[in-house]
Amino acid sequence: MVREETPEDTFFRELGGACAELRQAFPRHVGMSPHRVQLLVRLWRDGETSHSDLRRTLGIDGASVTRLVKAFEAEGLVGRRLDPADNRYTLAALTPDGERVAADLERSHQAYQERLLDGVTAQQQEIVLGVLRRVRANMIEQESR
């Protein structure tokens with residue numbers, strides 16, 4: 001027996017697909033991995049950050065953070081140092097070249113987002129935001145039951 005897709009199935013399939021594609025689209029557009037983009041932008045927004053905070057923020061393991069930071073360090077975009085308050089931790093920060101690259105990346109991302117929203121009115125954006133907020137609130141409510 002074949003079951004027809006319900007409107008709910010269609011909604012969540014489309015939403016999930018759009019989210020998955022969106023996470024990959026900009027990094028692909030700029031020719032970088034998503035984690036490379038996220039790490040540069042995170043350091044640009046937050047400033048000097050510990051590897052452990054980057055691991056938590058980016059949702060990747062510590063070895064991956066270390067590899068990314070070392071690769072950026074070799075490219076002259078990131079510097080590392082031991083945390084003077086606790087030398088068990090390593091801190092990473094953008095170099096001046098890294099700040100320029102990250103700022104360019106941020107500007108490029110803003111322009112990319114504007115192109116993605118071409119033809120989508122402010123009212124349509126607000127409707128979608130309202131729906132997403134309601135779905136998230138419903139999820140929180142379901143989890144608390």
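In what order do the three strands form an open sheet? The order is β1-β3-β2, and the pairing is antiparallel. That leaves β1 and β2 as the edge strands, each pairing on one side only.

Some housekeeping before the details. This is a predicted model, so local features need pLDDT of at least 70 and side-chain atom pairs count only at pLDDT 80 or more, while totals for chains, interfaces and linings use all residues. Residues are numbered from 1 along each chain as its sequence is written, and side-chain values use heavy atoms, with hydrogens and water left out.

**The overall picture**

The chain's secondary structure comes to six helices and three strands. Here helices (H or I, at least four residues) and strands (E, at least two) are DSSP runs, numbered from the N terminus. Read from the N terminus, the elements go α-α-β-α-α-β-β-α-α.

The radius of gyration of the chain is 20 Å, whereas a compact globule of 145 residues would have one near 15 Å. That radius is taken over C-alpha atoms, and the globule rule is 2.2 Å times the number of residues to the power 0.38. Along its principal axes, the C-alpha trace spans about 60 × 40 × 30 Å.

Buried residues make up 26% of the 145 residues in the chain; buried means under 20% relative accessible area, exposed means over 50%, and partly exposed is in between (1.4 Å probe, protein chains only). The accessible surface comes to about 10300 Å², and 53% of it belongs to carbon and sulfur atoms. Those areas come from the Shrake-Rupley method with a 1.4 Å probe, and for residues only the protein chains shown count as cover.

As for contacts (heavy atoms within 4.5 Å), take those with a separation of 6 or more: residues 24 or more positions apart account for 48% of them.

On charge, the chain has 21 positive and 23 negative side chains, with the centres of the two sets 4 Å apart. Lys and Arg count as positive and Asp and Glu as negative, while His and the chain ends are not counted. Each charge is placed at NZ of Lys, CZ of Arg, CG of Asp or CD of Glu.

**Back to the sheet**

Two strands pair if DSSP finds at least two bridges between them. Strand β1 (residues 49–50) pairs with β3 in the antiparallel sense over two bridges, and Thr49 has Ala92 in β3 as its bridge partner. On the β2 side (residues 78–82), the antiparallel pairing with β3 runs over five bridges. There, Val78 has Leu94 as its bridge partner in β3, and Gly79 stands opposite Ala93. Strand β3 (residues 90–94) is mostly covered, with four of its five residues buried.

His51 is found in helix α3 (residues 51–58). Is His51 buried or exposed? His51 counts as buried because its relative accessibility is 12%. Leaving aside neighbours within four places in sequence, His51 is in contact with Val65, Thr66, Val69, Arg80, Thr90 and Ala92.

Thr66 is partly exposed, with a relative accessible area of 26%. Gly62 lies in helix α4 too, and Gly62 counts as partly exposed at 31% relative accessibility.

**Some C-alpha distances**

Arg28 lies in helix α1 (residues 7–30) and counts as exposed at 58% relative accessibility. Gly130 sits in helix α6 (residues 122–143), and with 35% relative accessibility Gly130 counts as partly exposed. Here are the pairs with their separations.

| Pair | Apart in sequence | C-alpha to C-alpha |
|---|---|---|
| Gly62 and His51 | eleven residues | 7.1 Å |
| Gly130 and Arg23 | 107 residues | 21 Å |
| Arg28 and Ala92 | 64 residues | 25 Å |
| Thr66 and Ser144 | 78 residues | 37 Å |

Ala92 is worth looking up in the viewer: Ala92 is the bridge partner of Thr49, a contact of His51, and 25 Å from Arg28, C-alpha to C-alpha.
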